[in-house]
Amino acid sequence: MNLAIAAMIIIILILVILVARVILPISTIIFTFPPSIPTEKRLINDIVDEIAKSEVKGKKFYDLGSGTGSVCFSLAKNFPSLKIIGIEKFRFIFQVSKMKQYYLKYKNVSLSNEDLFQTDLSKADYIFTFLTKSFLDKLQIKIKQEAKPGCLIFSNNFPFDALPLYKKITYPDLFTKRYLYIYKI
Ligand SMILES: C[S@@+](CC[C@H](N)C(=O)[O-])C[C@H]1O[C@@H](n2cnc3c(N)ncnc32)[C@H](O)[C@@H]1O
């Protein structure tokens, strides 16, 4: 009997992990572009290290296209006094992030269901994106118009051509490389 319960718990756990890690990201390919694939931990760790170099109290971090919120929640855990704003256009993905927020209860995260091109970036101290090149080409015009001096911009794997590069971190992969680009206005 106990063995049966343990087996059932393991099966449920495997199913939950499968839905969260495989089925959900794959299904978002149908609903969203770019697909809602979460940023890897190693990139988030480097973003945390960069942000930790200065005082964050009262500062604002924007994840433009926040998906299911993994970057927002990781940063919220590391920096309780940093205000984190996640912007996600696609309602289904946004609702998943809201559900996570309901359980995680981070007071410093606010999630918004809107188009990132409508978001006011003038108060941002940090901006993060994991979007494709065509998005970045359009977004960099908005950043140049709105972002304040000193604002740090992090981009997962895709570069902004017209922003001043501050740092580029390379991550070796099996067949290719990934990059974290950091820009300073
Ligand atoms: C690759 S995911 C990144 C998710 C998260 N930022 C991360 O790195 O873990 C890109 C997200 O951008 C969202 N997105 C695409 N166009 C958008 C737009 N115009 N406004 C807001 N979100 C958008 C997609 O729905 C998707 O969830």
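Residues are numbered from 1 along each chain as its sequence is written. Because the model is predicted, local features need pLDDT of at least 70 and side-chain atom pairs count only at pLDDT 80 or more, while totals for chains, interfaces and linings use all residues.

The chain is divided into domain 1 (1-31) and domain 2 (37-184); such bounds come from an automatic or database domain assignment. The C-alpha centres of the two domains lie 28 Å apart.

The next topic is the sheet. Seven strands form an open sheet in the order S3-S2-S1-S4-S5-S7-S6, with mixed pairing. Strand S3 and strand S6 (165-172) are the edge strands, and each pairs on one side only. Neighbouring strands of this sheet are turned by 15° against each other on average, direction ignored. For such angles, axes are lines fitted to C-alpha atoms (for helices over the stretch in contact), and the angles run from 0 to 180 degrees between N-to-C directions. Helices (H or I, at least four residues) and strands (E, at least two) are DSSP runs, numbered from the N terminus. Two strands pair if DSSP finds at least two bridges between them. Strands of a sheet pair through backbone hydrogen bonds, either parallel or antiparallel.

Strands S1 and S2 run parallel and are joined by five bridges, with Asp63 opposite Gly86 in S2. On another pairing, S1 is joined to S4 by four bridges, and these strands also run parallel. Here Phe61 has Tyr126 of S4 as its bridge partner, and Leu64 has Thr129. S4 and S5 run parallel with four bridges between them, and Ile127 stands opposite Ile153 in S5. S5 and strand S7 (residues 177-184) are joined by five bridges but run antiparallel; in this pairing Ile153 stands opposite Tyr183.

S1, H3 and S2 make a right-handed β-α-β unit, and so do S4, helix H5 (residues 133-146) and S5. A crossover is right-handed if, with the strands pointing away from the viewer, the path from the first strand over the helix to the second runs clockwise.

Which residues of helix H3 (residues 70-78) are buried? They are Ser70, Val71, Cys72, Phe73, Leu75 and Ala76. A residue is buried if 20 or more other C-beta atoms lie within 10 Å of its own, exposed if 12 or fewer, and partly exposed in between, with C-beta atoms placed from the backbone. The buried residues of H3 pack against helix H2 (41-51), strand S1 (60-64), strand S2 (83-87), helix H4 (91-104), strand S3 (109-112) and strand S4 (126-129).

In soluble globular proteins, nonpolar side chains tend to be buried together. A nonpolar core is a set of buried Ala, Val, Leu, Ile, Met, Phe, Trp, Tyr and Cys residues joined through C-beta atoms within 7 Å. The largest one here has 37 residues, and those with the most contacts inside it are Phe61, Tyr62, Ile84, Ile127, Phe128 and Ile153. H3 gives the largest share of this core, five residues. Two residues are in contact if their C-beta atoms, placed from the backbone, lie within 7 Å. Leaving aside its neighbours within four places in sequence, Ile127 is in contact with Tyr62, Leu64, Leu121, Ile143, Ala147, Cys151 and Ile153.

Tyr181 is found in strand S7 and counts as buried because it has 20 C-beta neighbours inside 10 Å. Not counting residues up to four places away in sequence, Tyr181 touches Ser155, Pro159, Phe160, Leu165 and Lys168. The C-alpha atoms of Tyr181 and Asn157 are separated by 6.9 Å, although the two are 24 residues apart along the chain. Asn157 is found in the loop between S5 and S6. Asn157 counts as partly exposed because it has 18 C-beta neighbours inside 10 Å. Its phi is near 70°, a positive value in a residue other than glycine. Lys105, in the loop between H4 and S3, also has a positive phi, near 60°. Lys105 has 8 C-beta neighbours inside 10 Å, so it counts as exposed.
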